[in-house]
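Welcome, and please open your viewer.

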Amino acid sequence: MGKRWLKERKREYYYRKAKKMDYRSRASFKLMQIDDKFKVLPRGGAVADLGAAPGGWLQVAKERVGPNGKVVGVDLQRIEPLKGVVTLQGDILREETVESLQEILGGKADTVISDMSPNISGSYSTDHARSVELCSHALDFARKTLRTGGSLVMKIFEGDMMGDFLTEVRKSFSMVKLHSPKASRSRSSEIYIIAKGFRGEPDTGAAKAADEE
Ligand SMILES: C[S@@+](CC[C@H](N)C(=O)[O-])C[C@H]1O[C@@H](n2cnc3c(N)ncnc32)[C@H](O)[C@@H]1O
């Protein structure tokens, strides 16, 4: 049995399982596995999902935060309405989208999750660079939006810019790990950055110091 055959079987297994359980995408299982291990979706919490279409992660996030939690999702594509979840069509690279999302959230988020993918060009280094760009925007959004102690989960395509990017993430979070959930296709170079223990907005410290003078 070839490696490729096994990968296809795995892909099909999660595809069928998602269909059977009424999840909008196979990706749902990746978030479930991440949350089972790292506990990033607190009951009653507020979650912002970047790159949320068609909505598999939104479904899992809503289930995990429960009826008192809040889930908002944004994507370039239209997201079919989902009960108990607020969605928005827009580009997270645009300031107006960031502002609208923050307005909908109406306060700080406990968790920011991003499964954003660039359009795949087929060139490994181009796709990596675009993925890092999307992740930088997810990190900026998280820095502006998370409550202190909050979590950030993001998909990144591996490559040579990853080390520098992780250094940047570590500046804002006390725990940063790389994780590949079982449901992730082993063929792809995708991996998830799990960052917990947000240290607070970068300028909060300076503002506090000024207050204490
Ligand atoms: C792999 S899909 C997400 C699947 C989703 N997590 C689910 O479970 O259904 C990646 C998404 O990222 C979105 N995306 C890429 N760039 C974006 C951007 N700049 N702003 C918002 N969404 C973006 C794409 O439109 C695409 O729908």
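Start by selecting Leu-50, Leu-152, Phe-165, Val-169 and Phe-173: of the 33 residues in the largest nonpolar core, these touch the most other members. Such a core is a set of buried Ala, Val, Leu, Ile, Met, Phe, Trp, Tyr and Cys residues joined through side-chain atoms within 4.5 Å, and buried means under 20% relative accessible area with a 1.4 Å probe, protein chains only. H5 gives this core its largest share, 7 residues.

Before going on, note that this is a predicted model, where local features need pLDDT of at least 70, side-chain atom pairs count only at pLDDT 80 or more, and totals for chains, interfaces and linings use all residues. Residues are numbered from 1 along each chain as its sequence is written, and side-chain values use heavy atoms, leaving out hydrogens and water.

Next, select helix H5 (residues 124-145) and helix H6 (residues 162-172), whose axes are 11 Å apart at an angle of about 5 degrees. Helices here are DSSP runs of H or I with at least four residues, strands are E runs of at least two, and both are numbered from the N terminus. Angles under 35 degrees count as roughly parallel, so H5 and H6 are roughly parallel to each other.

Now move to helix H4 (residues 95-105) and colour its buried residues, Thr-97, Val-98, Leu-101 and Leu-105. They lie on the same side of H4 because their arc around the axis is only 100 degrees, taken from the directions from the helix axis to the C-beta atoms.

Technical notes. Axes fitted to C-alpha atoms, helices over the stretch in contact; angles between N-to-C directions. Parallel < 35°, antiparallel > 145°, perpendicular 65-115°, else oblique. Buried < 20%, exposed > 50% of the residue type's maximum accessible area, 1.4 Å probe, protein only.
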